[in-house]
There are 2 protein chains.
Amino acid sequence: MIAKTPSPPYYAVIFTSIRTEADKDYQQTDEKMFELATHQDGFLGVEAVAGIAVSYWKDLESIKKWKENTEHSEAQKRGKTEWYKSYKTRICKVERDYDFNK
Amino acid sequence: MIAKTPSPPYYAVIFTSIRTEADKDYQQTDEKMFELATHQDGFLGVEAVAGIAVSYWKDLESIKKWKENTEHSEAQKRGKTEWYKSYKTRICKVERDYDFNK
């Protein structure tokens with residue numbers, strides 16, 4: 001659940017969303033996008049729970065390429081028309097991080 | 001649920017955690033910290049679901065002050081000894097953001 005990311009700096013995309021009632025193909029698409037993202041260049045990890053998904057990336061270029069991925073673009077379109085009532089995407093530079101492990 | 005943050009740049013603190021079984025005072029402390037944080041200088045908003053909490057701040061100085069807040073420091077100590085098995089805190093500069101609303 002806690003993504004194993006390298007030492008900063010790297011990038012985080014915080015995606016916070018509110019769903020509609022529409023559910024058709026959502027689950028499969030979500031899983032497919034997860035699978036696709038993990039194979040993208042520059043993908044470092046992801047942490048996701050209902051309503052918040054944070055993905056980690058090597059640099060802005062990797063994020064741009066993932067945004068423009070054909071299947072992902074299709075999913076984004078359906079997200080807007082069907083699955084999401086609203087969402088916010090924040091592109092962030094991770095400047096520092098701290099771990100705690102027992 | 002989607003925090004109403006100002007135009008970038010601003011800061012995000014991504015706190016991802018894995019809990020222990022220990023639950024004593026966790027809920028009350030969590031609520032108290034939420035309440036306290038919202039009254040801190042520079043606090044912009046928070047988005048939290050089980051395991052991921054993202055708080056938004058005006059600048060690094062606000063984050064530092066919140067980290068050093070006395071009650072918060074006490075809660076952090078109990079977090080380490082009692083409530084968390086592991087966690088990761090990431091300090092990020094939000095460079096860009098995008099909204100979608102129906």
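How many bridges pair β1(A) with β3(A), and in which sense? The two strands pair in the antiparallel sense over six bridges. The model is predicted: local features need pLDDT of at least 70, side-chain atom pairs count only at pLDDT 80 or more, and totals for chains, interfaces and linings use all residues. Residues are numbered from 1 along each chain as its sequence is written, while chains are lettered from A and ligands numbered from 1 in the order in which they are written.

**Strands within chain A**
- Strands are DSSP runs of E, at least two residues in length, numbered from the N terminus.
- Two strands pair if DSSP finds at least two bridges between them.

**Strand pairing across the chains**
- β4(A) pairs with β4 (residues 84–101) of chain B in the antiparallel sense, over 15 bridges.
- A:Y98 has B:T89 in β4(B) as its bridge partner.

**The A–B contact**
- In total, 32 residues of chain A contact 32 residues of chain B (C-beta atoms, placed from the backbone, within 7 Å).
- On the chain A side, β1 (10–19), β2 (43–49), β3 (52–57) and β4 (84–101) each supply at least two residues.
- β4(A) gives the most to this side, with 18 residues.
- The chain A side divides into 16 nonpolar, five polar and 11 charged residues.
- Here Ala, Val, Leu, Ile, Met, Phe, Trp, Tyr, Cys and Pro count as nonpolar, Asp, Glu, Lys and Arg as charged, and the others, Gly among them, as polar.

Key:
Two residues are in contact if their C-beta atoms, placed from the backbone, lie within 7 Å. Helices (H or I, at least four residues) and strands (E, at least two) are DSSP runs, numbered from the N terminus.
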